[in-house]
Amino acid sequence: NTFLIIIRKRQLWLDSVANELIVFLMLWIAACYLVRIFFIFNTQLIPAGSDILLNMASVLHDETVFEEPLKFRPERYLEGDVAKKKQQTLPFGLGT
């Protein structure tokens, strides 16, 4: 059905714009995690009860995943390794 094809293409474009807005607008966002059990990261002991901050700008502007990350380009979610790009885009936050 031609109508369904048109609707699907528009939905893909809107999804791409929404994902791109997340990448484009999260320049100064950090995600905070509370460590529940200790672990070792690069030979550094991270004790339980520690707060860890994840710099979202470094994740969402990784040039190996997002070509020209400082340009607003929704079409990037329609080309290349779309699954990897969507995996690194954390829609609606990180949850709990």
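## A tryptophan at the surface

W13 counts as partly exposed because its relative accessibility is 40%; buried means under 20% relative accessible area, exposed over 50%, and partly exposed in between (1.4 Å probe, protein chains only). You can find W13 in helix 1, which covers residues 2–25. (Helices, H or I with at least four residues, and strands, E with at least two, are DSSP runs numbered from the N terminus.) Together with L12, L14 and L78, W13 forms a nonpolar patch on the surface, and the four share about 380 Å² of accessible area. Members of such a patch have over 30% relative accessible area and no salt bridge; nonpolar side chains (Val, Leu, Ile, Met, Phe, Trp, Tyr) are joined within 5 Å, and like charges within 9 Å. Areas come from the Shrake-Rupley method with a 1.4 Å probe, and for residues only the protein chains shown count as cover.

Please keep in mind that this is a predicted model: local features need pLDDT of at least 70 and side-chain atom pairs count only at pLDDT 80 or more, while totals for chains, interfaces and linings use all residues. Residues are numbered from 1 along each chain as its sequence is written, and side-chain values use heavy atoms, with hydrogens and water left out.

## The overall layout

Now step back and look at the whole protein. Three helices and four strands make up its secondary structure, and from the N terminus on they run α-β-β-β-β-α-α. Of the 96 residues, 25% are buried. The protein exposes about 7,300 Å², with carbon and sulfur atoms supplying 64% of that area.

In soluble globular proteins, nonpolar side chains tend to be buried together. Here, the largest nonpolar core has eight residues: I22, V23, A31, M56, L60, V65, F66 and Y77. Helix 1 and helix 2 each give at least two residues to this core. (A core is a set of buried Ala, Val, Leu, Ile, Met, Phe, Trp, Tyr and Cys residues joined through side-chain atoms within 4.5 Å.)

The structure holds one aromatic pair. F66 and Y77 form this tilted pair, with 6.4 Å from centre to centre and 55° between the planes. Both partners sit in the loop between helix 2 (56–60) and helix 3 (82–88), 11 residues apart, and both are buried.

How many salt bridges does a search of the whole structure find? There are six, each being a side-chain nitrogen of Lys or Arg within 4 Å of a carboxyl oxygen of Asp or Glu. One of them joins the side chains of E20 and R76 at 2.7 Å, N to O.

Another salt bridge brings K85 and E67 together at 3.4 Å, N to O. K85 lies in helix 3 and E67 in the loop between helix 2 and helix 3, so this pair ties together parts 18 residues apart in sequence. Shared partners join E67, R73, E75, E79 and K85 into one network of salt bridges. Within it, E67 also meets R73 at 4.0 Å, N to O. Is K85 buried or exposed? K85 is buried, because its relative accessible area is 1%, whereas E67 is partly exposed at 35%. R73 counts as buried, at 15%. Apart from neighbours within four places in sequence, the contacts of K85 include V65, F66, R76 and Y77.

L53 belongs to strand 4, residues 51–55, and counts as exposed because its relative accessibility is 62%. Its C-alpha atom is separated by 5.5 Å from that of A31, 22 residues away along the chain. Neighbours within four places aside, L53 is in contact with A31 and C32.

P47 sits in the loop between strand 3 (44–46) and strand 4 and is partly exposed, with a relative accessible area of 42%. P47 touches V35 and F38, not counting residues up to four places away in sequence. From P47 to V35 is 7.2 Å, C-alpha to C-alpha, although they are 12 residues apart in sequence.

Notes:
Phe/Tyr/Trp six-rings, centres within 6.5 Å; stacked < 30°, edge-to-face > 60°. Contact = heavy atoms within 4.5 Å.
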